Amino acid sequence: MLTSMARRLGLRTTGPAERRLLTTVAIDATGGGLFLAGATLFYSRVAGLSDAQIGIGLSVLGIVALAATVPNGLLVDRIGPRHALVVLHVWRGVWCCALAFVHSFWQFLTVLVLLGLAEHAGMPALQAYVGSAFGDTERVGVMARVQVLKNAGFLVGALLAAVAVGSGTDAGYRALLLGDGVSFFVAAVLMTTVRNVSAVRDRSVRRSALGPLRNAKFALLTCCNGILQLNLSVLVIGMPLWVSRATEAPPAVAPLLIAINTVIAISLQVPLSAGAETVPGAGRHMLRAALSFALMCGTLILASWAPSALAAALMVMSVVLHTLGEIWHSSGGWGLQFALSPDAERGNYAAAYSLGPTAEGMVGPSLIAGGVVAAGSVGWAALALLFLAAGLGARSVARRAVPRTAAHAAPVGATAEVSSPADRRAEPAGTDDDPAIPR
């Protein structure tokens, strides 16, 4: 079924190894769709938790996940990304299944703490695997296809969850969490069948949890990524609130925006990711993303001044601009992340890069709802400027990385400036000593 889904989406893979990898992604994402669609209802209707208890538990989950992100990256580099993915899938599967049987707040809190230890580790580990298992010109394309199947899997999982929620029974709600847990176990088994990529041993590299953030270019890129990631809170929180509070558009427009976003993202992620395989191309993608997000903010302002029908059309235009920016942001980020990550520290660097989205998940909702939407047109204008600053910052990272490529392409025997292992990430592929360059 998953193979046929990929064919219908027009995904052309690089071979059997990628197909097996994408199958694990699709299964994992389908389980995630089950979980996201019904977990909150399970907590309140079956586990009997109050809204305050659910909020506290989820906040603790976020804090633990944030604290564990970088240590998990170090684990990936130590044992290798494939082994790390297997361990992480099994760990999350165990505690997701356990979550289906909690009956008190303290059980709920304990399981969430344990689940949080690996909650945000899967994607950095997957990115580290892709960075090690595929060539420079393949990585962005592989990640684009991963993203497509993630979106499709979430959609399938959400549709399946509607059946369980429709039953209205405790068993139906519990099945959602158990289904997610089982999906982790299946993904773990399938992950053992993909080509293994051994951890890179480089004794000259002293691995440090803060190493990526001491790399000035990578630290700037991580900050820019976190700012651009605010687009997610804009989509799921800002736009629905704006429709109902500030425009004359029909309320039915709000859920339609999510559907439009999903369809465009699934359809255009792969073709629009082309060009981000090189450092300059990745930088251009990040700037395009920022420009698209800034224009989105402008159309949202216009929507608040327009009559009903025009307001609805402007909201649709806003979500189209949002989705284009989302695609360019993800592809450009993959390209620059791979370019700046040393081979021996891909897990650590991927984990550090993910700190931006993780932090956004904690502060983004309140910032968008309580800050941007509450401030009205001024809030959207300020956010547009923030997006533009982040895009220009990411583009500057790409421009500063490119000269390294030329410098290290000097003939053998020529004198070249000595750079740190992290800086050499932006060197061209083709030598035995230096890391291959990214997207």
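This is a predicted model: local features need pLDDT of at least 70, side-chain atom pairs count only at pLDDT 80 or more; totals for chains, interfaces and linings use all residues.
Tutor: Residues are numbered from 1 along each chain as its sequence is written, and side-chain values use heavy atoms, with hydrogens and water left out.

Student: How many helices and strands are there in the protein?

Tutor: The protein has 17 helices and zero strands. Both are DSSP runs numbered from the N terminus, helices being H or I with at least four residues and strands E with at least two.

Student: What makes E18 buried or exposed?

Tutor: Buried means under 20% relative accessible area, exposed over 50%, and partly exposed in between, with a 1.4 Å probe and protein chains only. E18 has a relative accessible area of 0%, so E18 is buried. E18 belongs to helix α2 (residues 16-45). Of the protein's 439 residues, 54% count as buried.

Student: And what does the side chain of E18 make with the side chain of R145?

Tutor: A polar contact, at 2.5 Å. The term asks for a pair of N or O atoms within 3.5 Å; within protein, one must be able to donate a hydrogen and the other to accept it, and residues adjacent in sequence count only if both atoms are side-chain atoms.

Student: Why is T30 called buried?

Tutor: Its relative accessible area is 16%, so T30 is buried. Leaving aside neighbours within four places in sequence, T30 is in contact (heavy atoms within 4.5 Å) with G153, F154, V156, G157 and L160. T30 and V156 lie 126 residues apart in sequence, yet their C-alpha atoms are 6.0 Å apart in space.

Student: Why are α3 and α4 called oblique to each other?

Tutor: Two packed helices are described by the angle between their axes and the distance between the axes. Axes are lines fitted to C-alpha atoms, for helices over the stretch in contact, and angles run from 0 to 180 degrees between N-to-C directions. Under 35 degrees counts as roughly parallel, over 145 as roughly antiparallel, 65 to 115 as roughly perpendicular and the rest as oblique. The axes of α3 (residues 51-79) and α4 (residues 81-99) cross at roughly 130 degrees and come within 7 Å. The two helices are therefore oblique.

Student: What makes α15 roughly parallel to α16?

Tutor: Helix α15 (residues 346-353) packs on helix α16 (residues 355-375) at about 30 degrees, with the axes 4 Å apart. That angle makes α15 roughly parallel to α16. In this contact, A351, A352 and Y353 of α15 meet L355, G356 and P357 of α16.

Student: How do you know that α8 spans close to what is expected?

Tutor: The expected span is 1.5 Å times one less than the number of residues. Helix α8 (residues 170-191) has 22 residues and reaches 32 Å from first C-alpha to last, close to the expected 32 Å. Likewise, α7 has 29 residues and reaches 42 Å, close to the 42 Å expected.

Student: What covers the buried residues of α8?

Tutor: The cover includes α2, α4, α6 (122-133) and α7 (139-167). Among the buried residues of α8 are Y173, L176, L177 and F184.
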